[in-house]
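Colleague: I'm new to this one. Could you take me through a close look at a single part, and then show me how other parts are held in place?

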Amino acid sequence: MLTVYLADLRHNFGGVLSTDCMPLGIGYMGAVIARDFPRDEVKLELFASAPELVEAMDSCPPDVLMVSNYVWNERLSAFCLRRARRLNPNVLNVMGGPNIHVEPDRQLSYVENRPEIDVYVLGEGDFVARDILQAWIQSGRSIEAMGEMEIPSSIYRRGGQLIRTCQTRRAEANDLNNVPSPWLNGLMDKFFDGKLAPLLETNRGCPFSCSFCVQGTDYYTKVSHFTLDRMREEIDYIGRRIRSHSPSMGILRIADANYGMFPRDTEISAYIGQAQRDYGWPTFLDATTGKNRPENVIRSMEQVNGGIVIYQSVQSLEEEVLRRIRRSNIKLSAYAQIAVHVRGRGMRSSTDLILGLPGDSLQTHLSSLHKMIDLGTEQAHCFQLMMLKGSDLESLASRNECKFEVKYRLGPKNFGEYGGEKVFDIEEIVVANDELSFDDYLTCRKHHLTFSVFWNDSWFSDVVAVAGRCGVPASVWLSAMLSAMERDGGAVGEFLQKFVTETQGEIFDSIEECAQFYSEPAHFDQLCRGQIGDNLMYKYRALASFFVWEDICRLAMEATRSLLVENGTAAQFEEFDTLWTEFARYVELRHAASTEIAELKQPVEAGFLFDIPGWLAAGTPFETAPFRRAEARRCVFQLSDDGALELESALQVWTAKSIGLSKLITRIRYTAQVRDCLQFDRGEFEVSDELPQGIAVPARLAAPEVTSTQPAGALAASTVQ
């Protein structure tokens, strides 16, 4: 019997996963192998956890090891291939995945420089994995003999020379549906562990040709779909399994490149909505929605109880930049209409921007960001351009044309120690181009931090609304927040400076330099404690949300007050000083800032002379007398039952450690941390203008220290995943 291990690995060191989705890709491969080989001939096991695979190999070395290759597990997979070869010199080592250059000669060099790889699969591997296994058996389990055979869509060795066979076409619809469901046949059951989120694929391919994306190449142009009946059955199966085996997992991730763009996606969303009603899952749907046919996307969103955000990604609004990356966007007028439509239905919109694209400059990037803010987008992810192997932009020709300056940084949480060996997966990012200097790059990163903290998740949506009512555009307001942080001499100023220091200190000139730095015991210990090496944007948003919320809120309210005083609108409000003091308190208490479940669930009480919720609902009029009470009224701020449950479940999955909170912050609905404000008459409670004793107040700045052990010359920035 052949022992065959399929591994789509993610780093899992110290209990925190670098990537939290279930390994669906190897699930498809395993489903084909399990169907086409008798059980008494092939012992098949699937792995997502590197420690689990290492343990399994040590106790039972495989005859065949097949591993995936993505930017987050490239070196981890290679480590496991080398270990398998040491344990069993006759093992067949196979690697596949999109993380390989597009140029054929560079593909050959990639494999040549990695002797641990016997076969590299180019393109989709559902059926090629089966074909390789058949060839291995037919060759008498001889790597040399198999090399004399014709292996489709692969790079392998024949007589000491590398052979590259033509990449086979992608699976058509009939072929795609000939892949058995790894959900329905039980192959994925082992991964319902409460840590990994289900990953669903409803179609494959992308009709767009963006040069920065792996799916922008010609290979992925045609889109094929799984059947609707299969989708319905898979969603129901996953929901039942979640309820029985991992009820704390509230996430469903969808792998489609453009979910919601096709009419059939509305039906799939309806299946997900039914699962929400039947199983209480998912509470959060992580999907990249299509940029075209927004009416279909909106209809899909309406089926899932607000659990999905509409992504109208633009990457840039500069026409020359878009031309150079082979991308077109929807018209801004249409984008604005969609934003209004989404808000009117209680849903949320989001966009993506990428810093460092060809032709992108400080001015064009910030202009794009500010336009999206003023158009009403409620959330944006400001990514950094990553040199993704498999994308056209990563080619040598593009690198030379665009004059990219690149650096290397540790992927967030992409590290671990396995079998006594430290392994680091490292990203290549662009920090300057023909139009963008590194200093400009750092300036943009500070704007990104400001956007992440003060705009995303709508923590200050009421404040922005008041500023807008007083003639302050949202983009002007946001720029004022950055200026206030730069001037601040307290906790928030320290917060910004630490971010800049980490941004400059986390990148290196080479992969080797980066790995060597983090291999040193002191630095590795800092990694394990989350002090360095995490996703900076999410790390600092988590710090703002859970640890320095009082200071962040104070700064935002004071800076906004200054804007209104400067433009003369503050004087138009009756009793402005009292109103603003109470408004600031209201904004602060609406956000639940703690990592202790007991504290999060505990109501917080305060007295208010003004009916702040009523004033906001009325459109924040200058005439405030109708909302002024003769005596203070007691208000109780409390999380909803659903919000408390979602936070509790998320903390169980990700923990309250800094390294876990930076994942958690992106995997909960922003409403989960929003307290309801309940108002009571004087007779129901004893009124007091002070917060009651015993209410837990979140700790002050508890950011991990930025040490001086970073190399003085290592300057760059982090990549948002």
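Modeller: Let's start with Val466, which is buried, with a relative accessible area of 0%. Keep in mind that this is a predicted model. Val466 has its place in helix H16, which runs over residues 461-469. What does Val466 touch, leaving aside its neighbours within four places in sequence? The contacts are Leu564, Trp580, Phe583, Trp615, Leu616 and Thr620. There's also Thr560: 94 residues separate Val466 and Thr560 along the chain, yet their C-alpha atoms are separated by 9.1 Å.

Now for another helix, H4, covering residues 104-112. Which of its residues are buried? They are Arg106, Gln107, Tyr110 and Val111. These four cover an arc of only 140° around the axis, which puts them on the same side of H4. As for what covers the buried residues, the list includes helices H3 (74-87) and H14 (396-402), along with strands S6 (92-96), S7 (119-121), S8 (154-158) and S9 (161-164).

Side chains of opposite charge can pair when their charged atoms come close. A search of the whole structure finds 45 salt bridges, and one of them joins the side chains of Glu74 and Lys389, at 3.3 Å from N to O. Glu74 lies in H3 and Lys389 in the loop between strand S17 (379-384) and H14, so this pair ties together parts that are 315 residues apart in sequence. Are the two partners buried or exposed? Glu74 is buried, with a relative accessible area of 11%, and Lys389 counts as buried too, at 18%.

For another pair, look at Asp229 and Arg232, whose closest N and O atoms are 3.2 Å apart in a salt bridge. Both sit in helix H8 (residues 228-245), 3 residues apart, so about one helical turn separates them. Asp229 counts as partly exposed at 45% relative accessibility, and so does Arg232 at 36%. Elsewhere, salt bridges that share partners join Glu103, Arg106, Glu394, Arg399 and Glu428 into one network.

Terms used. Residues numbered from 1 in each chain as written. Predicted model: local features only at pLDDT ≥ 70, side-chain atom pairs only at ≥ 80, totals over all residues. Heavy atoms only, no water. Buried < 20%, exposed > 50% of the residue type's maximum accessible area, 1.4 Å probe, protein only. Helix = DSSP H or I, 4+ residues; strand = E, 2+ residues; numbered from the N terminus. Arc of directions from axis to C-beta. Contact = heavy atoms within 4.5 Å. Salt bridge = Lys/Arg side-chain N within 4 Å of Asp/Glu carboxyl O.
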